[in-house]
Amino acid sequence: MDLGPLLLSFEVATIATLLAAVVGIAVAALLANYRFPGRDLIDVVFTAPMVMPPTVLGYYVLVTLGRRSVLGHAFESLTGTSIVFTMTGAVVAATIGALPLVVKSVRAALEQTDPTLILAARTLGATKLRAFFTVQVPLATRGIAAALMLAFARAVGDFGVTLMVAGDIPGKTRTASLAIYSAIQAQHEREATTMVVILTVMVLALLYGVGKLTARRPDDR
Amino acid sequence: MSGGDNLSVRIVLHTRSFTLDVAFEVKPGVTVLFGPSGSGKSRTLGCIAGIVRPDKGRISLGSDVWFDETRASLPIQRRRVAYVFQSLALFPHMTAEDNVSYGIARTIPKAERRATAHDMLAKMRVGHLADRKPHTFSGGEAQRVALARAFAMKPKALLLDEPFSALDAGVKLELLAEVGDWLARERVPTILVTHHAEEASALGDHVVMLEKGRVVREAAIDDPTLSLPKIRAAAK
């Protein structure tokens with residue numbers, strides 16, 4: 001069996017999870033701790049990828065990051081490679097799928113912190129930023145870890161947006177999900193089944209871990 | 001240490017349900033804030049600490065202006081007001097020592113901060129808890145750690161929001177004596193919110209009674225016309 005697609009999926013999902021973590025935690029912190037005009041709109045925009053048709057999302061990515069777009073062009077002149085139809089495109093696609101999970105779960109975890117603890121930190125001389133990093137984040141670590149595991153599980157299996165944005169180029173952008181599709185098309189069912197089993201076991205294991213992390217422990221804290 | 005300065009409080013704050021409109025002076029020593037729940041005690045503390053911004057008024061300590069309706073207010077972290085919350089708000093993920101050193105100025109080297117935290121815990125007779133986390137503390141121990149944290153930050157003012165309410169009588173008296181000692185040494189303007197006459201008379205120098213967002217009476221704690229049962233009735 002060709003392990004390439006699985007390895008590519010892991011590589012893409014790892015980078016996508018890191019990207020989604022940086023952007024998602026920042027957005028979640030903003031939504032959890034500040035009231036400002038447009039807050040609900042930001043929430044909607046970052047939730048949308050959960051329910052938006054992948055083709056629609058893919059279309060937007062092609063328009064904003066395609067070779068003729070300003071961003072896509074700038075990226076290409078800097079790095080010499082385009083975003084779309086490369087591994088970068090697959091990473092972008094997986095990040096978009098993972099982001100809503102990070103934003104939603106991290107926000108919920110941050111909002112669970114007793115606000116009095118944050119105020120206590122402030123009265124003890126902490127700036128908002130220090131209170132965030134020394135009190136709110138440490139108290140939400142389990143929730144944040146769970147969010148990142150969910151994000152990884154989601155990122156590893158992205159299909160629709162990846163196909164739109166990165167295509168299905170064997171050895172270059174053919175991730176496990178796309179390889180399963182191609183194998184089925186070519187009636188190579190055994191190859192498909194192996195990858196299906198591996199992905200299933202991995203996702204179930206991740207979800208089990210998430211459940212363990214988010215379960216309430218009586219002696220916690 | 002700015003011991004000796006008065007804390008002047010003048011606050012007007014409109015909320016949906018009522019208007020808080022109070023003015024009083026807090027001298028070094030303990031001013032007891034008395035009043036039924038909903039009379040505006042916690043909001044008053046919130047305004048002083050910088051958690052709530054009043055609509056109008058002025059809050060100052062000596063020549064330091066913390067809030068003035070015409071200016072931007074001084075942010076919470078720069079007021080150096082020690083606030084002991086009713087829930088104590090000890091950081092559950094930190095040891096007693098880390099809790100106490102959290103509020104010590106970070107310009108001081110870390111080793112020195114740790115030593116100060118240790119000293120303060122020992123003074124409050126909970127030195128043995130230094131490496132333990134709050135979920136292992138008894139009610140009285142948690143209170144001692146919370147007070148140690150408040151004292152260690154060398155506050156310019158101290159706000160005590162019913163911090164002794166959960167304690168049994170014996171522990172409470174012991175703790176009141178220790179707080180009394182610290183206050184006598186440091187001469188920091190202190191506000192104590194309490195429903196209990198014995199706490200008021202043990203620590204208080206001055207009483208401000210609130211009702212429906214207004215000051216209805218101010219008196220020295222030993223004012224013969226101020227009978228404690230009356231205070232107790234007002235607190236209910």
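## E174(B) and its two arginine partners

In this predicted model, E174(B) counts as partly exposed, with a relative accessibility of 38%. The side chain of E174(B) meets that of R125(B) in a salt bridge, with an N to O distance of 3.7 Å. E174(B) lies in helix α5 (residues 169-186) of chain B, whereas R125(B) lies in the loop between α3 (110-123) and α4 (139-152) of chain B, so the pair ties together parts that are 49 residues apart in sequence.

A salt bridge also joins the side chains of E174(B) and R144(B), here at 3.0 Å from N to O. This pair, too, links distant parts of the chain, since E174(B) belongs to helix α5 of chain B and R144(B) to helix α4 of chain B, 30 residues apart. R144(B) is buried, because its relative accessible area of 8% falls under the 20% limit set for that class.

## Salt bridges elsewhere

Over all chains, the structure holds 15 salt bridges. Among them is the pair of E76(A) and R67(A), whose closest N and O atoms are 2.7 Å apart. Chain A also contains a network of salt bridges that links D43(A), K104(A), R107(A) and E111(A). As a general point, side chains of opposite charge can pair when their charged atoms come close.

## The interface of chains A and B

Between chain B and chain A the count of salt bridges is zero.

## A hairpin in chain B

Strand β9 (residues 206-211) of chain B and strand β10 (residues 214-220) of chain B run antiparallel and are joined by six bridges. Within this pairing, V207(B) stands opposite A219(B), a residue of β10(B).

The hairpin formed by β9(B) and β10(B) has two residues between the strands, and K212(B) takes a positive phi near 45 degrees in this hairpin.

Key:
Residues are numbered from 1 along each chain as its sequence is written. Chains are lettered from A and ligands numbered from 1 in the order in which they are written. This is a predicted model: local features need pLDDT of at least 70, side-chain atom pairs count only at pLDDT 80 or more; totals for chains, interfaces and linings use all residues. Side-chain values use heavy atoms; hydrogens and water are left out. A salt bridge is a side-chain nitrogen of Lys or Arg within 4 Å of a carboxyl oxygen of Asp or Glu. Helices (H or I, at least four residues) and strands (E, at least two) are DSSP runs, numbered from the N terminus. Buried means under 20% relative accessible area, exposed over 50%, partly exposed in between (1.4 Å probe, protein chains only). Two strands pair if DSSP finds at least two bridges between them.
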